[in-house]
Amino acid sequence: MTAPHITIIGSALAGNKGASAMLESAIQTLSPRIPGVSFTLLSMYPEEDRAQNVYDNLDIVAAQPRQLGVTINSLALLYRVIPPLRPLIRKKSKAIAAVAKSQVLLDQGGITFTDGREKFLLYNVASILPAMFVKTPVFKCAQAIGPFKNPVNRRAARFFLPKVHTIVTRGAKTHEFAEALGLSNLYAGADYAFSLQLDGSEGAVVSREFDMTFFESGTVVGVSPSVVLQKKVDARDGDYIGQTADFIKHLLTSGRKVVILPHSAREDSTKTHNNDLPLCREIFDRIGADTNLLFIDKELPSQQLRYIIGECDLFVASRFHAMVSALAMAVPTLVIGWSHKYQEVLEMFEAEEWAMPHSEAELGALVARFEQLAEARTEVAASLRQHLPAVQERSLAQADLIATIVTERAA
């Protein structure tokens, strides 16, 4: 029997903690299902990911976008067409060696092959093409795909997506888009991050960094801004920083406490890609210090962030996986989004009414909608708790699908 091995791409430990939650959920759920399994992460941030890696069975291999798109894909093509070179290519390229020995490649891109994100289309293709060249099955973990009206995106999706072994759709709208494209290699699942496990130490660890007595009295509202949403709002001449700061001021004036929580953070970087920390600092500075305002101004692991979110009474999310963590902790959440990926997850909880497109989230409308959520808080929380087990079951099902592929191919 071949040693079980899985290569993962599209996620990370550092930066976007939604990506971290998906990656760690895969390791947590697959390790007990596949005895002796090891993992390789093809990483966009290899040094940062290595510094945060606590898993003995996870190896980090560099695969920055240019390296992935040019070097790794070229070597994978050579591996395919010139068999005598394969031993040398495996020796020279850790990435190709990992993909070639894997029983499956997990693509954990959260949203791929989607209209309006054509600038990421090459990366979407480059992420799965090496596995296709070396004939390793590709398993797309729960993610959003589509719509496919743009001709370029539609042609790429029609060519590459049927070649994927399994595509786990993350909600009803994605599934509808995929079926309309004629895809049949589908499984209706839920985001892998719903399977993330906390070990019970999170509260004690977080308390060493932040005063968690903050949550012991009053109504605490968590706010998770997003630099992705900021760019979209500012592109239509809006003022995302000012609007968010004014909304938090309203919450403080109303007697509530507020936690500003960046769910995507690279503490030692000023770059804004996968990094909401600079944005959150600007929002915090615009508001000014307040005893009822707590700023999580560090990069924390996804489990610790989920623990903090779970301590909130209400939540306002623009980062997708901040929303997922809030739902996973049954915290009533108002979502300000930019894609169908938010709506379709909320639908699983019958909570889609608490989604607002960013184009409608001007201050007055935002305040009014939040106050409606606050009034319905008890009922919404109960509904989230009722639906959560079924959603977690759909999330966990993909671990069984992956384990089956690995076990059969290893044998």
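Predicted model: local features only at pLDDT ≥ 70, side-chain atom pairs only at ≥ 80, totals over all residues.

Modeller: Gladly, and let's begin with pairing: two strands pair if DSSP finds at least two bridges between them. Strand E1 (residues 5-9) and E5 are joined by four bridges and run parallel.

Colleague: Which residue of E5 is the bridge partner of Ile9?

Modeller: The partner of Ile9 is Asp107. Asp107 also stands opposite Lys140 in E7.

Colleague: What makes E5 and E7 a pair?

Modeller: Three bridges join E5 to strand E7 (residues 138-145), and the two run parallel. The cut-off is at least two bridges, so E5 and E7 pair as well.

Colleague: Which way do the residues of E5 point, and are they buried or exposed?

Modeller: In strand E5 (residues 104-107), Val104 and Leu106 point one way, while Leu105 and Asp107 point the other way. All of them are buried, a word that stands for under 20% relative accessible area. As background, side chains in a regular strand alternate between the two faces of the sheet.

Colleague: On to the helices. Why are H6 and H7 called roughly parallel?

Modeller: The axes of helix H6 (residues 121-133) and helix H7 (residues 151-160) cross at roughly 15 degrees and come within 12 Å. Angles under 35 degrees count as roughly parallel, and therefore H6 and H7 get that label. Their crossing is left-handed. On the H6 side, the contact is made by Leu121, Val125, Ile128, Leu129 and Met132; on the H7 side, by Val152, Asn153, Ala156 and Phe160. By class, this contact has eight nonpolar residues, one polar residue and no charged ones.

Colleague: What kind of peptide bond joins Gly146 and Pro147?

Modeller: A cis peptide bond, with omega at about 0 degrees. Pro147 sits in the loop between E7 and H7.

Colleague: What is the strand order in the open sheet of six strands?

Modeller: The order is E13-E11-E10-E14-E15-E16, with parallel pairing.

Colleague: Why do E13 and E16 count as edges?

Modeller: Strand E13 (293-295) and strand E16 (355-357) each have a single partner strand, so one side of each is left without a neighbour in the sheet. Neighbouring strands of this sheet are turned against each other by 15 degrees on average, direction ignored.

Colleague: How do you know that E14 and E15 pair?

Modeller: Three bridges join strand E14 (residues 314-317) to strand E15 (residues 333-337), and these strands run parallel. Since at least two bridges are needed, E14 and E15 qualify. Ala317 has Val335 as its bridge partner in E15. Helix H16 (residues 363-375) packs on the sheet and touches strand E10 (220-224), E14, E15 and E16. The direction of H16 makes about 150 degrees with that of E15.

Definitions and conventions
Residues numbered from 1 in each chain as written. Heavy atoms only, no water. Axes fitted to C-alpha atoms, helices over the stretch in contact; angles between N-to-C directions. Parallel < 35°, antiparallel > 145°, perpendicular 65-115°, else oblique. Left-handed = near helix turned anticlockwise from the far one by under 90°. Contact = heavy atoms within 4.5 Å. Nonpolar A, V, L, I, M, F, W, Y, C, P; charged D, E, K, R; others polar. Buried < 20%, exposed > 50% of the residue type's maximum accessible area, 1.4 Å probe, protein only.
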